[in-house]
Structure formats: structure tokens, C-alpha cells
Amino acid sequence: MSDAVDDETEFYGDRKIDSKPIPLLDAIKEKGRVWEDLADEYGVTNPDPPWKITLETTCDLLAGDSCVKDYDEVDQDTTLLPSLDRRWEEDALSDGRYKDVPFPERQLLSLAHSMINRGLLDEAELEKHMAAVEKRLNSG
Amino acid sequence: MSDHDHDHKPAPVVDEVSDFEILEVAVRELAIEKGLFTMDDHRTWTEYIHTLGPTPAARLVAKAWLDPEYKKLCIEDGVTASREVDIDWVTSPPTQFGTPSDYCNLRVLADTPTLKHVVVCTLCSCYPRPILGQSPEWYRTPNYRRRLVRWPRQVLSEFGLQVPEDVEVRVADSNQKTRYIVMPNRPEGTDGWTEDQLTEIVTRDCLIGVAVPKPGVTSNVKLPVMKAANPVPH
């Protein structure tokens, strides 16, 4: 379990997790419609959203070889987002900032949060690209 | 009316693009744009994990039935034992960089005449994909996940598995970091069988623990619907 000490820091065990708010992700948390609500509304019975499998692949690919070595031996230059780091951060964020978001939506928010904190993504760039994706997916 | 009309209604679909779906696509596409991985790697890995099946786990069990030393290894170190059936949890194909740590830790739960194991994930749908493939839909339902831990015998009976009172039922709850498969007892009537023959009767459901192997039963998921022997008149 994580212990929130303020709005921007949480501890998971003895690990400090940067959980400062990211406005774009907070907005998605507030207004995004989660799969369980959509499935109920449309009468769909599959329990997971179709994008869960591709989300998992993204996590897998960013993990590189971080699962095959002891944590201290992971080469940070070749592993973009080590699995254990991502999971610790996801656990802490799932227990804090994204507590009210169901799985796997909170896994997605946590991944984006971790990537932005590491500079793998830029918040403004992500927002801009989301607008382009939205336009494209709704164009049909 | 067109020639393509069907008698049945189309299955419902979610006719709406959610912000979460957009976020998933955007994160993935930006990562590709930045060269963090390639689109082809992503598609290949997704296809790989989607097309895995239960055969490696079935063969692991069959080998263990024939080789007590291997059975011991399975129980002590499932990850090492998996290599004997060509599943390397450390460097899985096709990318050769390994499976994610959140399912690297495999434990093989061996049934005994007085102990029956069954696997669930109460939190979500954690499942040992590399060795068992994709989970069945029922494994992910709240019905199974919530009720199995409370009323395991009742839920197992709904799968047609009646566990005798003198046999303990132990439910293993998977999590993000540990995955389980069940090694059922070798059934009677299989003396002298080869590894291939034994592998055929260890079905996916046996490996989850909701069924037990039986000579002649090689699939629990594609059985034909049989007419009731004593149908209720109506």
C-alpha cells in the first residue's frame, strides 16, 4: 500500500513516487468514459476494452529486458521503463491519484504518468496528438 | 432487403470512441514516432501473445507424470521447468527480450489425492499467458472471480466437477507478479501412455483447475451439445 504524504509525492514501501498532478491526465480521469460504463450502455459483454491488449504490448516493449535481470543490474540506457518501476508506480498511483479509476483505465493513466515524468512523452505534445487521434477515429 | 440480411441481430458494439481509447492510441503512436519501438515490433508482439495456447503447459504436466524428478523441478522452479517445453519466460520469442516481470514468476500447483487446486485472479484477469495462452472469457467474469474464493466447491460443481468432501480445495489467487497453473493427478486408465497421449488429455480447463483429465476427453471447450437423457417436458 502507498502512503500519500502530500499532493505530489507518495511512498511505496521505501520508494518515493512522483505523483504530482498532470492536468491532461486528470482531465481524462474526470471526463473519460470507462469501459465498464460503455459496456453496460451498449450491452457489450466482453470485460476488457479492445485496447487493453495493445496497452499491455506497449508496457511490454518499454520494459525491454528489465524483467530478466536483478533490479540493480538493469541497464537504464537500454530499458526505457523498467517493469518493476512501472508496476510500483502503477500500484502507488492506483492507490492514490487514480484510485477511483477502474482497471485497466488506471493502468493506462499510470503508464502515461510514468512516461511523462521520465520525459518519454511531453504533456503538451500528447494533448496535441490526442486531438489528432480523436479527429481521425471519429472521422468515419 | 439486400442479399446480405441475416436472421439474427448483429452483436452489440460500443459505438463510441472514449478518451481512454484515444489516450492509448496516442501514447503508442508517439512512442513509435520517437523510435522507442517500431510499429512492426508492436504488432508482432501483440499477435504473439494473442496466439499462444495451452499446449506447452499440457506437455509440462505430461512430462511430470512420467518423470518424478521433473515433477519435483516443476514444483520447485516452474520457470526453469518451463524451458523443457520450449517456454523461456526470460527470453521469449519473437522479440527475445523476455516477458514482462509481472508474469515472470510461474508456480506449478501439484494436486494430490487429498488436495485439489484451482486458479483465479480476484483482482482482474492475471493469467500465465506464455505457457497457457489467452484466458477464457469466463475466467474474467466477476461471477467466477468473486464466487470461486467464497464457494469453490459450488463453483467447481457448476463446471461439472464434484470434489469429494475428503478432498481439500485450495484456491490460488493470481496477481500481477505471480501466475499459477495446476498439475492435476494422472487419471486411471493411462498406464503405458506416451507423453503425446498424456498431453492430449491435459486440457486448458484442467490446467486452470476447473476440470480433471479423463482418458478420451481431449477438449473441454468444444464439446458438442448433447441431447438431454431425460428432458423436462414443456
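# Reading the labels

Q: Where is Asp86(B) found?
A: Asp86(B) is found in the loop between helix H5 (78–82) and S1 of chain B. Helices (H or I, at least four residues) and strands (E, at least two) are DSSP runs, numbered from the N terminus. This is a predicted model, in which local features need pLDDT of at least 70, side-chain atom pairs count only at pLDDT 80 or more, and totals for chains, interfaces and linings use all residues. Residues are numbered from 1 along each chain as its sequence is written, while chains are lettered from A and ligands numbered from 1 in the order in which they are written.

Q: Why does Trp35(A) count as buried?
A: Trp35(A) has 23 C-beta neighbours inside 10 Å. Trp35(A) is found in helix H2 of chain A.

Q: What is Trp35(A) in contact with, leaving aside its neighbours within four places in sequence?
A: Two residues are in contact if their C-beta atoms, placed from the backbone, lie within 7 Å. By that rule Trp35(A) is in contact with Asp48(A), Pro49(A) and Glu105(A). Pro49(A) is 14 residues away along the chain, yet the two C-alpha atoms are separated by 5.8 Å.

Q: What makes H3(A) largely enclosed?
A: Of its 12 residues, 10 are buried, so the rest of the structure largely encloses H3(A). Among the buried ones are Leu55(A), Cys59(A) and Leu62(A). Their cover includes H4 and H5 of chain A, together with helix H1 (19–33) and helix H2 (39–50) of chain B. Gly64(A) follows H3(A), with a positive phi near 55°.

Q: How many residues does each chain give to the contact between A and B?
A: Chain A gives 49 residues and chain B gives 40. On the side of chain A, the largest share, 10 residues, comes from H3(A). That side divides into 30 nonpolar, 10 polar and nine charged residues. Here Ala, Val, Leu, Ile, Met, Phe, Trp, Tyr, Cys and Pro count as nonpolar, Asp, Glu, Lys and Arg as charged, and the others, Gly among them, as polar.

Q: What makes a group of residues a nonpolar core?
A: It is a set of buried Ala, Val, Leu, Ile, Met, Phe, Trp, Tyr and Cys residues joined through C-beta atoms within 7 Å. The largest has 40 residues, and those with the most contacts inside it include Ala57(B), Val61(B) and Val202(B). Its largest share, seven residues, comes from helix H3 (residues 55–66) of chain B. Apart from it lies another core, of 33 residues, among them Tyr98(A), Leu23(B), Val27(B) and Trp45(B). In soluble globular proteins, nonpolar side chains tend to be buried together.

Q: How do you know that S1 and S4 of chain B pair?
A: Two strands pair if DSSP finds at least two bridges between them. Six bridges join strand S1 (residues 105–110) to S4(B), and the strands run parallel. One of the bridges links Ala110(B) to Met183(B). Strand S4 (residues 178–183) is mostly covered, with five of its six residues buried.

Q: Which bond in chain A is cis?
A: The peptide bond from Phe103(A) to Pro104(A) is cis, with omega near 10°. Pro104(A) is found in the loop between H4 and H5 of chain A.

Q: What is the predictor's confidence in chain B?
A: pLDDT is the predictor's confidence in each residue, from 0 to 100. Its mean over chain B is 85, and 84% of the residues reach 70 or more. Over residues 93–102 of chain B, pLDDT stays under 50. For the complex, the predictor gives an ipTM of 0.91 and a pTM of 0.66.

Technical notes. Buried ≥ 20, exposed ≤ 12 C-beta atoms within 10 Å, placed from the backbone.
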